[in-house]
Amino acid sequence: MEQTGGATGAGASLPVRDVMGVEVVAVPAADVVAHLARALDEGRRLAVAFLNAHASNVAASQPRFARALDEALVLNDGVGVDLASRRLHGSPFPENLNGTDFVPRLLAELVEPRRLFLLGGRPGVAEAAAEVLAQRAPQHRVVGTRDGYFTDDEAAAVAAEVAASGAEVVLVAMGNPRQELFVAEHGAATGATLLLSVGALLDFLSGRVERAPARVQRWRLEWVYRLALEPGRMWRRYLVGNVRFLLRLARTPRVR
């Protein structure tokens, strides 16, 4: 069963599905692009986050992160959340809206020129990603970049730096839950209209991290490829985390 609107109205005109306590938008990518374009035109501040199996696990154990998701428009990312939708609601999501593919599409399809700020990654990553975006979405202008290596005590100053740039759209790439917490707690201070928590997107755009081959992406096994590339960093997230997600899903009643 679907309902319209999120807890705070982030997706007030979009149908959502409850995925183990998180309301996730359940429409095709084109509808989300149109919704975000309207928000930008109206100057209506909006946070966008993505829910995958890992983020779902984090939300279940960290109330602060769960509250941040409650305040955002949350999009479905990956096969785990799709499996949850099939079991809990009887059908998959209309389209996989993972941030690595959706955000570049969004920027390419936004016709009105926008001012962008790229925040996150190691030093040099945001600048390299900006060069790629300049080719893929040349109608926009990157007005600022900054790496994600700052302390919580410095977060307010970083938000002020974004505000001084005049950015309308901010891509925040610091991994969850840190990126979503920054947006929830400092997003208003940035003065930006649209703040997107984009995970490893800047690493992918910059070429610092290799994406899976197209065939693996079509099979929706990109997580296996990332695990093979970085087993020491990713084994707990994917091997332990995926089992935990499936056990939580098995204990969750179906929506009637």
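**Aromatic pair, strands and cores**

Phe182 counts as buried, at 4% relative accessibility; here buried denotes a relative accessible area under 20%, exposed one over 50%, and partly exposed a value in between, computed with a 1.4 Å probe on protein chains only. The model is predicted, and local features need pLDDT of at least 70, side-chain atom pairs count only at pLDDT 80 or more, and totals for chains, interfaces and linings use all residues. Residues are numbered from 1 along each chain as its sequence is written, while side-chain values rest on heavy atoms, with hydrogens and water left out.

Phe182 has an aromatic partner. Rings of Phe, Tyr and Trp (its six-membered ring) pair if their centres lie within 6.5 Å; planes under 30 degrees apart are called stacked, over 60 edge-to-face, and the rest tilted. By this rule there are 2 aromatic pairs. One of them joins Phe150 to Phe182 edge-to-face, with 5.9 Å from centre to centre and 65 degrees between the planes. Because Phe150 belongs to the loop between strand 7 and helix 7 (155-165) and Phe182 to helix 8 (residues 178-190), the pair ties together parts that are 32 residues apart in sequence. Phe150 is likewise buried, at a relative accessible area of 9%. The elements named here are DSSP runs numbered from the N terminus: helices are H or I runs of at least four residues, and strands are E runs of at least two.

Two strands are taken to pair if DSSP finds at least two bridges between them. Strand 6 runs parallel to strand 7 (residues 141-146), to which 5 bridges join it, and Phe117 has Gly144 as its bridge partner in strand 7. Strand 6 is also joined by 5 bridges to strand 8 (residues 169-173), again in parallel, and Gly120 stands opposite Ala173 of strand 8. Together with helix 6 (residues 125-136), strands 6 and 7 make a right-handed β-α-β unit. A crossover is right-handed if, with the strands pointing away from the viewer, the path from the first strand over the helix to the second runs clockwise.

An antiparallel pairing occurs between strand 2 (residues 15-19) and strand 3 (residues 22-25), which are joined by 4 bridges. Val19 stands opposite Val22 in strand 3. These two strands form a hairpin with 2 residues between them. Met20, in the loop between strand 2 and strand 3, has a positive phi of about 50 degrees although it is not a glycine. Met20 is buried, at 15% relative accessibility. A further backbone feature is the cis peptide bond between Asn176 and Pro177, with omega about 15 degrees; Pro177 is found in the loop between strand 8 and helix 8. Most residues other than glycine have a negative phi, and most peptide bonds are trans.

The nonpolar interior comes next. A nonpolar core is a set of buried Ala, Val, Leu, Ile, Met, Phe, Trp, Tyr and Cys residues joined through side-chain atoms within 4.5 Å. The largest core has 39 residues, of which Leu75, Phe102, Val103, Leu171, Leu194, Leu196 and Leu202 touch the most other members. Another core lies apart from it and holds 37 residues, among them Phe117, Val158, Ala167 and Val172. In the list that follows, contact means heavy atoms within 4.5 Å. With neighbours within four places in sequence left aside, Phe102 is in contact with Ala29, Val32, Val33, Leu36, Phe50, Leu75 and Leu97.

Thr193, in the loop between helix 8 and strand 9 (194-197), is buried with a relative accessible area of 14%. Thr193 and Glu42 are 151 residues apart in sequence, yet their C-alpha atoms are 9.1 Å apart in space. Not counting residues up to four places away in sequence, Thr193 touches Ala39, Leu40, Gly43, Arg44, Arg45, Leu46 and Glu168. Glu168 is placed in the loop between helix 7 and strand 8 and counts as buried at 15% relative accessibility. Beyond its neighbours within four places in sequence, the contacts of Glu168 include Pro113, Arg114, Arg115 and Thr193.

Finally, His89 lies in helix 4 (residues 79-89) and is buried, with a relative accessible area of 15%. A polar atom of the His89 side chain lies 2.8 Å from the backbone oxygen of Asp18.

Key
A polar contact is a pair of N or O atoms within 3.5 Å; within protein, one must be able to donate a hydrogen and the other to accept it, and residues adjacent in sequence count only if both atoms are side-chain atoms.
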